[in-house]
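The sequence and structure are shown first.

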Amino acid sequence: MSQPRLVLFLADIEGNLAALRQTLTRACEAANVPPPEVRWVESATSLADAGWRVAELKLVPSGGKAVPEDHLDSLVRSVARDFRDQAVGLYTDKAGSYGRASLSEPGRPSRSLEGEYIDVVRQTARWLGVEAPLLGRLLDGGATARNLLAAAVDFGNDDPHAPAPTGKPRRQEQPPPPPEPDEDDRFVDAKLAEARRLMEQYLSHRK
């Protein structure tokens, strides 16, 4: 069974782990929760290609006490402020079909959402500018990626970075027939025909 996960995405691709630990420690102390262990996810090469450095925070049983994932928004805001760039946080509990995500950028209001696991992962992928199945593979491998692909088929992929759909285009409806000519139209047509006839006569006399 998939375990809950808490990951951070930093637009600072170089990412200083010591500085990140300091930021998270200060943020957790302000929220009165124990600071988590944090490490870089070195296998997240596809996210790195998209401009993101990925860090994972180790989750521990809460024992009924507050934990860092309860303060995801404030943690992400602190990271965005200290690193002076965009940051995204994602907490997922696949077994409980639940997810929560937060997006923060210096000088702009933060954004957050929570809800069904698949929906939150898809929205987070849009924030990151990557394909949702790619993010699913990072979280727990092929099962999530397959579910995300199925969701895209069932409900439509509204990811702005998704490729255009393939296959034959739908046949367009035939345009409506033009309106019947009225008296004015017939008068103009007659004058144009007369003008063409006179021009043809003029040109034939010049030969």
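This is a predicted model: local features need pLDDT of at least 70, side-chain atom pairs count only at pLDDT 80 or more; totals for chains, interfaces and linings use all residues.

## The largest nonpolar core

The largest nonpolar core holds 23 residues. Within this core, the members that touch the most others are Phe9, Leu47, Val54, Leu90, Leu128, Leu135 and Leu138. At least two core residues come from each of strand 1 (5-10), strand 4, strand 5, helix 4 (117-128) and helix 5 (132-140). Helix 4 gives the largest share, namely six residues.

When neighbours within four places in sequence are set aside, Leu135 has contacts with Phe9, Leu90, Val121, Thr124, Ala125 and Leu128.

## A second core

A separate core of 22 residues is also present. Among its members are Leu10, Cys28, Val38 and Phe83.

## Backbone positions with positive phi

Most residues other than glycine have a negative phi. Arg84, which is not a glycine, has a positive phi of about 55°. Arg84 sits in the loop that links helix 3 (72-83) and strand 4 (87-93). With a relative accessible area of 73%, Arg84 is exposed, because the cut-off for that class is over 50%.

Ser97 is likewise not a glycine, and its phi is positive, near 50°. The loop between strand 4 and strand 5 (98-105) contains Ser97. Ser97 has a relative accessibility of 32% and therefore counts as partly exposed, as this value lies between the limits of 20% and 50%.

Technical notes: Residues are numbered from 1 along each chain as its sequence is written. Side-chain values use heavy atoms; hydrogens and water are left out. Helices (H or I, at least four residues) and strands (E, at least two) are DSSP runs, numbered from the N terminus. Buried means under 20% relative accessible area, exposed over 50%, partly exposed in between (1.4 Å probe, protein chains only). A nonpolar core is a set of buried Ala, Val, Leu, Ile, Met, Phe, Trp, Tyr and Cys residues joined through side-chain atoms within 4.5 Å. Contact means heavy atoms within 4.5 Å.
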